[in-house]
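Let us walk through this protein step by step. Keep the sequence and the structure side by side as you read.

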Amino acid sequence: MAMKLVGASVWEEELYEHLTSHEENERGFLEKYQNAAESSASAAFGYLCALIVEDEIRHHRVFGELASALKADAELRPEGPAVPRLDHWGPDAPLVVKLTEELLERERTDAKELHRLAADLKNVKDETLWQLLVKLMEMDTAKHIEILEFVKRHARKSLK
Ligand SMILES: [Fe+2]
Ligand SMILES: [Fe+2]
């Protein structure tokens, strides 16, 4: 059962309900994966389920943090929320822009290398888990680029 927010708007109430029920959902999902892995007695299936479980643990945590951040905002709590508010990227925004650009460059190089590696592994793609794992890392890299692009775009804006 979701906790009520004090002094929140209807939009905040509904979003809070949404976030907390999703957090519950994620927990159920997590248990399903853990049980599936244990009951299959397949090392390969267990390994892949464990990879998904890592993500689901993070999803569960992030939904909890989103709900808590929304609660902190709705109730006008002064302490720092679990998901930080967008600040102006600290006292040295130009440094953040510079660091982000360097990291982006590395991620882009990494993306190309992973892509080549996945191509190299094409001939074992149905006999091993290897190509799948490299493809998953390509997807992670796309995620890292998305995060860094966000920072770069916003940190640049705060320079003006
Ligand atoms: Fe999830
Ligand atoms: Fe990365």
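A residue is called buried if 20 or more other C-beta atoms lie within 10 Å of its own, exposed if 12 or fewer do, and partly exposed in between, with the C-beta atoms placed from the backbone. Helices (H or I, at least four residues) and strands (E, at least two) are DSSP runs, numbered from the N terminus. The model is predicted: local features need pLDDT of at least 70, side-chain atom pairs count only at pLDDT 80 or more, and totals for chains, interfaces and linings use all residues. Residues are numbered from 1 along each chain as its sequence is written, while chains are lettered from A and ligands numbered from 1 in the order in which they are written.

Start with the overall plan. The protein has four helices and zero strands. Along the sequence the pattern reads α-α-α-α. The C-alpha trace spans about 60 × 45 × 20 Å along its principal axes. Now consider the radius of gyration, taken over C-alpha atoms. The globule rule for it is 2.2 Å times the number of residues to the power 0.38. A compact globule of 160 residues would come out near 15 Å, but this protein has 20 Å. Buried residues make up 10% of the 160 residues.

Contacts tell another part of the story. Two residues are in contact if their C-beta atoms, placed from the backbone, lie within 7 Å. Take the contacts between residues at least 6 apart in sequence: 59% of them join residues at least 24 apart.

The protein is also divided into domains, with bounds that come from an automatic or database domain assignment. That assignment gives domain 1 (1-85) and domain 2 (87-160). The C-alpha centres of domain 1 and domain 2 lie 25 Å apart.

Now follow the chain into helix α1, residues 10-40. How far should its 31 residues span? The expected span of a helix is 1.5 Å times one less than its number of residues. For α1 this gives 45 Å, and the end C-alpha atoms are 45 Å apart, so the two values agree. Which residues of α1 are buried? They are Tyr 16, Leu 19, Thr 20 and Glu 23. These buried residues pack against α2 (43-74).

Between α1 and α2 comes a loop, and Ala 41 is found there. Its phi is near 55 degrees, a positive value in a residue other than glycine. Is Ala 41 buried or exposed? Ala 41 is exposed, because it has 8 other C-beta atoms within 10 Å.

Helix α2 follows. Its 32 residues reach 46 Å from the first C-alpha to the last, close to the 46 Å expected at 1.5 Å a residue. The buried residues of α2 are Cys 49, Glu 56, Phe 63, Leu 66, Ala 67, Leu 70 and Lys 71. They pack against α1.

Some of these residues belong to a nonpolar core. Such a core is a set of buried Ala, Val, Leu, Ile, Met, Phe, Trp, Tyr and Cys residues joined through C-beta atoms within 7 Å. The largest one has six residues: Tyr 16, Leu 19, Phe 63, Leu 66, Ala 67 and Leu 70. The elements that give two or more residues to this core are α1 and α2. The largest share, four residues, comes from α2.

Just after α2, Leu 76 takes a positive phi of about 50 degrees, although Leu 76 is not a glycine. Leu 76 is found in the loop between α2 and α3 (93-120). With 8 other C-beta atoms within 10 Å, Leu 76 is exposed.

Move on to α3, where Glu 102 is found. Why does Glu 102 count as exposed? Because Glu 102 has 11 C-beta neighbours inside 10 Å.

Leu 148 counts as buried because it has 20 C-beta neighbours inside 10 Å. Which residues does Leu 148 contact, leaving aside its neighbours within four places in sequence? They are Thr 100, Leu 103, Leu 104 and Glu 107. The C-alpha atoms of Glu 102 and Leu 148, 46 residues apart along the chain, are separated by 10.0 Å. For Leu 148 and Ala 43, 105 residues apart along the chain, the C-alpha atoms are separated by 35 Å.
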